[in-house]
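Biologist: I'm new to this one. Could you walk me through how to read its charged pairs?

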Amino acid sequence: MELVYSVIIPAYNEQEVIVESYNRLSSVMRGMDEPYELIFVNDGSRDATAFIIAGFCENDPAVVLLNFSRNFGHMPAISAGMAHARGKSVIVIDADLQDPPEVLPLMAAKWKEGYDVVYGKRSKRKGESVFKKVTAKVFYRLLRSMTNVDLPLDAGEFRLIDRRVCDAVNALPEKNRYIRGLVSWVGFKQIAVEYERQERFAGVTKYPLRKMISFAMDAITAFSYKPLKLATSLGFLFSLGGFAYMLVIIFQALFTDRTITGWASTLVVILMSQGIVLMILGMMGEYLGRIYEEMKNRPSYIIREIISKQTSDAKIP
């Protein structure tokens with residue numbers, strides 16, 4: 001039986017929400033009345049997440065569990081799910097239920113109309129702080145302005161992609177993956193479905209400020225080298241300003257009797273210029289670090305085991 005839908009659900013320490021997530025996803029997918037599979041990717045959870053999902057596998061042949069050997073991150077978890085998906089279409093949705101499964105039939109309808117990528121666009125973001133809403137809006141627009149790829153605004157990983165798109169992304173060799181960017185980069189026919197993002201059903205966010213900053217840096221360095229161009233421009237402007245200031249000092253020394261003062265302002269200029277130099281070096285380090293990671297050619301993730309009803313039945317003597 002050929003599967004129509006493969007639903008990828010990355011999960012990390014989601015024991016409070018995983019049962020509700022499975023119930024709602026199963027209800028929606030059964031209502032669509034076509035063959036499907038639910039691929040849960042346990043990203044090295046330290047709680048009972050893997051144990052609970054393994055219980056689903058024992059009773060539901062549609063459920064597959066990929067257990068990572070440790071925590072590798074959200075993007076590697078999605079990549080693993082895409083590599084193991086067997087359906088004609090592939091859906092990515094987080095386990096926290098902020099992206100409602102009830103939107104999936106709308107996405108499927110657009111896919112059947114001929115669209116290869118149907119991504120969820122957040123019209124509202126409930127339960128999130130003003131800081132997160134503002135920084136997210138600024139980040140998406142900044143990233144789009146820095147790249148030639150047509151990245152959709154206010155969209156996350158919640159989307160449905162055709163088998164051809166999944167195969168194209170899987171074929172890309174890079175290890176540090178920004179999935180939503182790669183899906184946009186490969187092209188194909190794309191359309192948005194608007195929805196209201198809900199509050200997290202239970203548990204706590206797995207994206208604190210530190211991870212959000214790291215995620216933003218991964219996205220920028222993966223799809224734009226404009227920061228390096230900016231570094232060159234800043235270096236040129238400061239050099240030009242320094243040269244102009246040098247001419248002023250020479251003029252005062254040769255043609256005036258004024259004592260050169262302003263050590264405080266000179267110190268400020270030095271500190272500012274050195275700060276910018278360090279910032280530029282840091283940005284270059286980010287790019288070099290990612291080149292180094294790619295050159296090592298290590299896998300993005302390691303799967304410890306794969307569990308499904310078939311493997312569960314095989315263990316019964």
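**Reading the salt bridges**

Modeller: Let's start with a pair: Glu37 and Arg86 form a salt bridge, with their closest N and O atoms 3.0 Å apart. The model is predicted, so local features need pLDDT of at least 70 and side-chain atom pairs 80 or more, while totals for chains, interfaces and linings use all residues. Residues are numbered from 1 along each chain as its sequence is written, and side-chain values use heavy atoms, leaving out hydrogens and water.

Biologist: What counts as a salt bridge?

Modeller: A side-chain nitrogen of Lys or Arg within 4 Å of a carboxyl oxygen of Asp or Glu. A search of the whole structure finds nine.

Biologist: Is Glu37 buried or exposed?

Modeller: Buried means under 20% relative accessible area, exposed over 50%, and partly exposed in between, using a 1.4 Å probe and protein chains only. Glu37 is buried at 3%, whereas Arg86 is exposed at 56%.

Biologist: Which residues are linked in a network of salt bridges?

Modeller: Asp116, Asp162 and Arg164. Within it, Arg164 pairs with Asp162, the closest N and O atoms being 3.3 Å apart. Asp162 is buried, at 13%, and Arg164 is partly exposed, at 49%.

Biologist: How far from Asp60 is the nearest side chain of opposite charge?

Modeller: For charge, Lys and Arg count as positive, Asp and Glu as negative, and His and the chain ends are not counted. Asp60 is buried without a salt bridge, and that nearest side chain, Arg30, is 5.2 Å away.
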